[in-house]
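Here are my notes for a first look at this model. Please read them with the structure open.

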Amino acid sequence: MSSAQSKTLSGHLLKDYLSSFSFILPAVAIFVGFYIIPFYEIFNLSLHDWNGISAGKTFVGLENFQELMGDVIWWRSMWNATYITLIALTFQNILAFALALACNRAIHFKGFYRLVFFLPPVLSEIVVGIIWRWILNSGVQGNENIGLLNYLLNAVGLHDLIHNWLSDPNTALTCIAVVHSWKGFGWGFIILLAGLQTIDRRLYEAAQVDGANSWSTFWNVTIPMMLPVIMVVVVLTILGSMQSFVLILSMVGQGLVYHTEVPVTRILSAMTVTQRYGYACAQGVMFGLILVMVSFIIKKLSDRMKQA
Amino acid sequence: MSGSPFFNKYRLWRWFKSGVVHVFLMTVTLTCLFPLFWMVRSSLMTQETVFVDKAIFPAVWHFQNYWVAWTEGHFGIYFLNSLVYTVFVVIGIVLISSLAAFAFSRLHFPGKNFFFYMFVAAMMIPLPGSFVPLVVLMNKYHLGNTRIGYILCMINVGLPLSILLLKTFFDKIPSDLEDAARIDGCSKLGIWRHIALPFARPAIAVIVIFSSLSVWNEYILAMLLLNDQSLMPLQRGVMYFAGSHSVDYPLLMASLTIAATPIVLIYLVIQKHIIRGLSSGAIVG
């Protein structure tokens with residue numbers, strides 16, 4: 001009797017578990033099929049030599065990684081991504097912070113400014129890239145510069161500055177980094193402004209009572225209170241900028257020149273141009289590990305800063 | 001009386017300061033808006049005038065570029081595709097992630113934590129180049145170059161964050177409410193439908209907005225997975241157009257305007273929600 005009861009009880013429980021599990025089943029099924037298996041495959045393929053078509057894959061061990069360590073273009077692309085990231089960290093984030101500070105007060109048109117500054121982030125990288133490619137166009141028709149920037153430089157007499165902005169190796173990457181910052185500063189602006197608005201007014205009042213000027217208030221109240229939010233923006237900027245590449249595709253395309261290559265465009269080229277799927281995956285794994293390491297280091301640094 | 005000049009000086013200084021701030025903000029505003037204006041302006045010209053005429057407003061407005069892009073440039077098809085992808089992916093993400101988040105938050109079954117942390121871990125680990133094995137698998141599943149394949153991939157992209165966001169919302173549902181519904185004979189599915197979903201409405205709004213943005217603007221998977229013009233969404237169509245013709249700039253600019261307008265209009269209508277969602281999310285994160 002008691003065994004029969006426990007049997008039906010466990011049957012009930014099992015049914016209950018199964019019906020509960022069915023709630024997560026669609027999510028798990030999609031996740032396994034489109035995330036877990038590709039996750040496994042990227043490691044697996046990175047140990048193989050494969051052209052993406054033939055039935056047989058050749059196991060090559062760590063050869064792809066060995067080749068990658070000596071791949072000059074790969075490390076050059078890593079530096080290019082770092083360069084874009086450094087410009088985003090400094091130029092873009094300082095601009096975002098300055099704008100957030102300017103808007104964090106009783107000021108006219110605050111809503112309007114906020115509306116406009118978040119407009120570039122909602123546009124796609126394709127749209128943004130092609131608009132700027134058009135503005136930076138270095139073509140000439142007759143005596144006229146086709147691109148707006150060169151045309152304006154000519155009009156105001158700065159002939160020396162007229163330039164092949166996107167085909168000159170010396171300026172192409174900087175142009176991309178500036179456009180990347182143009183597209184991205186709105187994110188930092190919104191997040192930093194939200195952070196500024198959570199700082200307790202009384203802290204500022206107390207600083208004022210103590211006779212602090214606005215400069216020392218900024219350094220002793222605003223910056224320490226904002227540190228956690230600033231760290232969020234820094235991490236998002238690094239992870240986002242290091243991996244951004246669609247803007248490069250839309251501004252300069254997947255050229256045969258290497259001065260605008262970043263790791264993800266290298267992965268894309270290895271896959272679609274040279275058809276070395278194993279090598280592409282090895283690059284992905286290596287780049288992923290580097291990003292994990294970087295975010296780990298930043299986490300440690302920010303923990304230490306919080307203690308100080 | 002003697003305080004009056006001091007007061008004026010103080011006021012002048014304040015005006016000066018707010019003047020400088022506004023000049024700074026206005027300059028940035030102009031650099032944000034001008035490229036968009038230039039896009040629309042260039043889209044109204046012809047291939048002959050666009051290179052030489054640099055007037056702020058073109059003399060003649062050629063609206064027919066939009067018609068040409070829409071029909072001959074296939075942008076009508078691309079637009080429809082983008083719409084279909086966005087609608088289905090967003091519905092998919094909301095349904096699938098709310099079911100899962102509800103189970104993670106309110107139901108009990110073995111392995112619950114394991115599966116939940118699997119989604120959390122996926123958000124933490126950056127996996128650049130994951131599109132390589134994904135495309136290989138899609139072709140193996142015979143889902144390459146199909147609408148359903150692209151939709152499933154994009155649902156997968158949005159799932160982890162939505163599950164996390166919705167779970168934090170569902171965790172706040174008062175147990176009394178749930179118990180009362182259960183006593184009234186509400187099934188698990190009924191509680192999800194009648195209590196959990198309405199409770200999480202603000203979170204669902206945020207998910208709908210940001211998923212729509214990311215699907216509408218997505219490029220790389222659309223490029224790698226969709227080869228037929230009849231399946232391409234707008235971003236892919238724009239690049240296809242930019243790459244395959246000797247570039248007709250006014251037409252290209254018209255196609256960019258077509259790709260950007262819906263998202264800009266929606267942004268203008270619901271910008272308060274976007275900024276609120278982003279602000280609260282950032283402070284929590």
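1. Start with Gln275(A), in the loop that joins α12 (263-272) to α13 (277-307) of chain A. The model is a predicted one. In it, phi of Gln275(A) is near 50°, a positive value in a residue other than glycine. Most residues other than glycine have a negative phi.

2. His142(B) has phi near 60°, and it is not a glycine. The residue sits in the loop between α5 (131-140) and α6 (147-170) of chain B. His142(B) has 9 C-beta neighbours inside 10 Å, so it counts as exposed.

3. How many of the ten residues of α12(A) are buried? Nine are, and the helix is mostly covered. The buried set runs through Pro263(A), Val264(A), Thr265(A), Arg266(A), Ile267(A), Leu268(A), Ser269(A), Ala270(A) and Met271(A). Note that Arg266(A) is on that list. The cover includes α3 (72-103), α10 (214-243), α11 (246-251) and α13 of chain A. Chain B takes part too, through α5.

4. Now the interface between the chains. Here 70 residues of chain A are in contact with 69 residues of chain B. On the chain A side, helix α1 (residues 2-46) gives the most, with 19 residues. Sorted by class, that side has 54 nonpolar, twelve polar and four charged residues.

5. Leu127(B) has contacts across to chain A. It lies in the loop between α4 (112-124) and α5 of chain B. Leu127(B) is buried, because 20 other C-beta atoms lie within 10 Å. Leaving out residues up to four places away in sequence, Leu127(B) touches Phe39(A) and Gly288(A). Within chain B, Leu127(B) and Val60(B) are 67 residues apart in sequence, and their C-alpha atoms are 50 Å apart in space.

6. Look next at the nonpolar core. The largest one has 154 residues. Which residues have the most contacts inside it? They are Ile176(A), Ala100(B), Val132(B) and Leu256(B). Take Leu256(B) as an example. Neighbours within four places in sequence aside, it is in contact with Val127(A), Ile130(A) and Ile131(A) of chain A, and with Met39(B) and Val238(B) of chain B.

7. Phe63(B) belongs to the loop between α1 (3-43) and α2 (64-71) of chain B. With 9 other C-beta atoms within 10 Å, Phe63(B) is exposed. From C-alpha to C-alpha, Phe63(B) is 8.4 Å from Met45(B), while the two are 18 residues apart in sequence.

8. Last, a helix pair in chain B. The axes of α7 (residues 175-183) and α8 (residues 188-199) come within 10 Å and cross at roughly 140°. The two helices, α7(B) and α8(B), are therefore oblique to each other. The crossing of α7(B) past α8(B) is right-handed. From α7(B), the contact uses Leu177(B), Glu178(B), Ala181(B) and Arg182(B). From α8(B), it uses Ile191(B), His194(B) and Ile195(B). By class, this contact has four nonpolar, one polar and two charged residues.

Notes: Residues numbered from 1 in each chain as written. Chains lettered and ligands numbered in written order. Predicted model: local features only at pLDDT ≥ 70, side-chain atom pairs only at ≥ 80, totals over all residues. Contact = placed C-beta atoms within 7 Å. Helix = DSSP H or I, 4+ residues; strand = E, 2+ residues; numbered from the N terminus. Nonpolar A, V, L, I, M, F, W, Y, C, P; charged D, E, K, R; others polar. Axes fitted to C-alpha atoms, helices over the stretch in contact; angles between N-to-C directions. Parallel < 35°, antiparallel > 145°, perpendicular 65-115°, else oblique. Left-handed = near helix turned anticlockwise from the far one by under 90°. Core = buried A, V, L, I, M, F, W, Y, C linked by C-beta atoms within 7 Å. Buried ≥ 20, exposed ≤ 12 C-beta atoms within 10 Å, placed from the backbone.
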